[in-house]
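Thank you all for coming; please take a moment to look at the chain on the screen, and then I will go through it step by step.

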Amino acid sequence: MGRGRQKAKATKQARDIKYYSPNTDYSALQRELKSSEGRAPSHFSSEPIEPDYSAYVDKYADDVDDDDEVDTRRIG
């Protein structure tokens with residue numbers, strides 16, 4: 001297949017995808033959304049609580065100096 005045919009085919013496929021609009025059943029979507037309201041309010045509620053690290057802040061604060069210059073060299 002030549003480059004012209006290949007490009008024309010790709011253009012046709014892209015146009016078909018761009019303008020494709022499937023039929024949407026909005027009533028089914030509404031039923032699905034209403035049925036999910038009864039579930040857990042958030043998926044975050046099941047995540048573990050982050051430990052409190054405030055006790056370590058003073059212990060390791062001396063290791064970090066705010067006066068140190070940041071290395072601004074770019075790598076890459």
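This is a predicted model: local features need pLDDT of at least 70, side-chain atom pairs count only at pLDDT 80 or more; totals for chains, interfaces and linings use all residues.

A residue is called buried when under 20% of its relative accessible area is left, exposed when over 50% is, and partly exposed in between, using a 1.4 Å probe and protein chains only. By that definition, 0% of the 76 residues of this chain count as buried.

Residues are numbered from 1 along each chain as its sequence is written, and side-chain values use heavy atoms, with hydrogens and water left out.

The chain has three helices and zero strands, where helices are DSSP runs (H or I) of at least four residues and strands (E) of at least two, numbered from the N terminus. Confidence is highest in helix H1 (residues 3–18), at a mean of 93, and lowest in helix H3 (residues 54–60), at 78, while the mean pLDDT of the chain is 77.

Conventions
pLDDT is the predictor's confidence in each residue, from 0 to 100.
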